[in-house]
Every structure is written in structure tokens, then in C-alpha cells.
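Subject: Structure handover

Hello,

Here is the structure I promised to pass on. Please open it alongside this note. My findings follow below.

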Amino acid sequence: MLKSALNYFKSKKLLKDILAQNNEENYLFSDILKIHKMFADKESKKLFRELLSGYRSKNLPDTNAAYISDTLKISQSDKGYGAIDIPLLNKTLPLLDLNQIGFKIKLNTDADATAAFFLQQYMEDGFRDNLCIPVKNDVVIDFGSNWGNSTLYFSHQVGKHGKVYSFSDKDNIEILKNNINYNPHLSTNINIVDIPFSQISIDEYVKRQELERVDYIKFEWGSFDPKTLLSAETTFIKFTPKLAIDFSGKSRDFINLLNYFRRLRIHYKLIIVNCISSNWRVMLFAIPKREK
């Protein structure tokens with residue numbers, strides 16, 4: 001087992017570095033190998049090794065010419081009016097028009113986040129044959145929608161016969177509502193949940209609303225207690241939705257997250273994408289393995 005594992009990780013020194021970085025004396029390398037095998041493609045496995053080893057991908061947006069170009073293009077779409085200030089973040093959000101990048105959407109946001117979300121996290125190269133994005137008529141839960149970038153993108157994807165349930169927090173809910181109001185053509189398939197996502201579980205909400213299906217769930221990891229993921233397990237088992245987890249945190253937390261999928265009673269194939277410029281800001285996609 002160890003010899004086979006070292007073929008992946010190249011050297012015993014790298015193995016020691018990984019274990020030391022995770023600060024876990026009892027953490028077995030065989031567990032890391034099992035997690036490594038859960039990824040669906042070579043790109044994901046390579047990025048997992050790089051992240052554990054402290055390396056940075058050469059294709060991150062801050063060194064990606066397409067990302068820089070997209071950010072500039074979005075910045076130039078500033079309407080010149082309608083900007084809002086966020087004193088808590090010492091930040092001003094311009095009103096941007098995304099027609100230039102192919103979306104009939106206006107919203108208060110920043111260019112960097114918009115380029116990353118609309119053109120990197122979900123759209124770049126279709127991310128493995130479009131397996132990781134919502135499709136027409138899907139029912140989506142956006143758990144951690146913040147200003148509404150993701151909610152509006154999902155609404156655009158699922159169409160008028162789909163549905164998006166959007167959970168934000170008390171600091172961002174008014175910006176979210178304002179951004180939805182800018183887009184009446186999308187607002188009809190969006191349901192803004194007025195209960196802060198820190199005060200309700202997905203399982204509880206799905207049961208309360210008597211939802212008959214859930215096709216896709218996005219989590220904003222780091223914005224809520226990780227136990228929130230566990231509180232959605234009934235929904236996972238009942239509906240086997242696609243999952244998108246926007247993760248920012250420590251490497252050990254990421255391994256714990258992956259171990260959760262090992263224990264889950266659903267067979268998911270995992271895809272990992274590092275599309276944000278910081279080392280530990282990654283998108284983890286979990287795609288259910290359907291019976292043929």
C-alpha cells in the first residue's frame with residue numbers, strides 16, 4: 001500500500017511534509033490515498049496533491065490571462081450610477097451589467113468576484129463536460145448566496161421552470177434582495193429565504209417546504225458552521241443532488257470534508273477546481289454516480 005501510495009506522492013519526504021502540515025500524528029497515509037482515489041479525473045488528483053503539498057497551481061486566475069481580461073471587461077461594465085457602500089467591509093459595490101460576458105444580469109458586486117464566479121468556477125472549459133453546473137428545470141438550494149451572484153447565475157441556468165432557494169445572512173440579505181429586483185426576468189424562479197442560514201438546516205427547510213426534489217446544492221464553506229453539511233444528510237440520501245462546495249479553510253478541514261464523503265451512504269465522484277487566487281479557496285464538486 002505504502003509503495004503504491006508513494007508512486008502518487010513521489011517521495012517519503014513529501015509524505016512526511018503532508019503529515020506534518022496537517023499536524024495529525026495519527027493520520028494514516030492510507031487514508032490520504034483512499035481520498036486521492038475518490039477523485040474522478042487526473043486533474044483533480046493532481047490538484048489535491050499540490051494543495052496538500054503547499055504548491056500553487058500555475059493556472060490560477062491571478063496568473064491567467066483570460067481571467068485578467070474578463071475582470072477588465074466586467075469592470076468596464078460599471079453603469080456609473082447605483083453603487084452602494086458597505087461600511088463593514090470598507091467597500092463600494094458598483095452596479096455592473098454582465099451583458100458583455102453573455103449574461104442578461106445587472107447587480108451590485110465587484111468585478112473580481114464576478115469574473116471568478118461566472119467565468120471561472122462554473123464555466124471554464126465546461127468543468128469536465130458540464131457535469132458540475134445546474135441545468136434547465138433543476139431545483140437548486142443556494143446555501144450562502146451572499147450578494148446574489150450565485151443565485152442569479154443559477155436562476156439563469158435553470159430557466160423559468162426551475163427553482164432557486166436562496167439563503168443569505170443578515171449582513172447581505174438587503175443587497176441580495178436589491179440585486180434580485182434589478183432582474184425581474186429572473187426573479188420569478190427565485191425564492192429568497194428570510195431565515196438566516198445560520199438558523200435553519202437544509203433538512204429542516206426541505207421538510208417544511210415539502211420539496212419533492214432537490215437537484216443541486218451549493219454551500220459557501222467558511223460562512224457557516226461545518227455541521228451544516230451534516231444537517232443536510234437526509235436530503236443528500238433522499239434526492240442525491242449534485243453538490244458544489246466553495247471551500248476556504250485549513251488543509252486538515254478539507255481532508256475532514258473529504259472523509260465525510262467517504263462515509264456517506266451515497267457514491268459520489270469528486271472533482272476539485274482551484275479557480276480563486278488564494279491557496280485554500282477551491283471548488284469541490286460532488287457528482288452522484290447514477291445507476292446505468
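Which side chain meets that of Lys91 in a salt bridge? The partner is Asp110, with an N to O distance of 3.5 Å. Keep in mind throughout that this is a predicted model.

The Lys91 pair links distant parts of the chain, 19 residues apart. Lys91 sits in strand S2 (residues 91-93). Asp110 sits in the loop between strand S4 (106-108) and helix H6 (111-121). Lys91 counts as partly exposed because its relative accessibility is 32%. Asp110 has a relative accessible area of 15%, so Asp110 is buried.

Other salt bridges

The whole structure holds six salt bridges. One of them joins the side chains of Asp97 and Lys79, at 3.7 Å from N to O. These two are 18 residues apart. Asp97 belongs to strand S3 (residues 95-97). Lys79 is in the loop between helix H5 (65-75) and strand S1 (84-86). Asp97 is at 17% relative accessibility and therefore counts as buried. Lys79 is at 32%, so Lys79 counts as partly exposed.

Another bridge pairs Lys218 with Asp142, at 3.0 Å from N to O. Lys218 lies in strand S8 (residues 216-220) and Asp142 in strand S5 (residues 139-143), so this bridge ties together parts 76 residues apart in sequence. Both Lys218 and Asp142 are buried.

The chain as a whole

The protein chain has 14 helices and 11 strands. Of its 292 residues, 53% are buried. The chain exposes about 14600 Å², and carbon and sulfur atoms supply 48% of that area. Take the contacts between residues at least 6 apart in sequence: 67% of them join residues at least 24 apart.

Nonpolar cores

The largest nonpolar core has 44 residues. Phe219, Phe236 and Phe261 have the most contacts inside it. Helix H14 (residues 251-263) gives the most to this core, with six residues.

One serine to look at

Ser155 is found in helix H8 (residues 149-158). Its relative accessible area is 1%, so Ser155 is buried. Which residues does Ser155 touch, leaving out those up to four places away in sequence? They are Val164, Leu186, Asn189 and Ile190.

Best wishes

Technical notes
Residues numbered from 1 in each chain as written. Predicted model: local features only at pLDDT ≥ 70, side-chain atom pairs only at ≥ 80, totals over all residues. Heavy atoms only, no water. Helix = DSSP H or I, 4+ residues; strand = E, 2+ residues; numbered from the N terminus. Buried < 20%, exposed > 50% of the residue type's maximum accessible area, 1.4 Å probe, protein only. Contact = heavy atoms within 4.5 Å. Areas by Shrake-Rupley, 256 points an atom, 1.4 Å probe, with all protein chains shown as cover. Core = buried A, V, L, I, M, F, W, Y, C linked by side-chain atoms within 4.5 Å. Salt bridge = Lys/Arg side-chain N within 4 Å of Asp/Glu carboxyl O.
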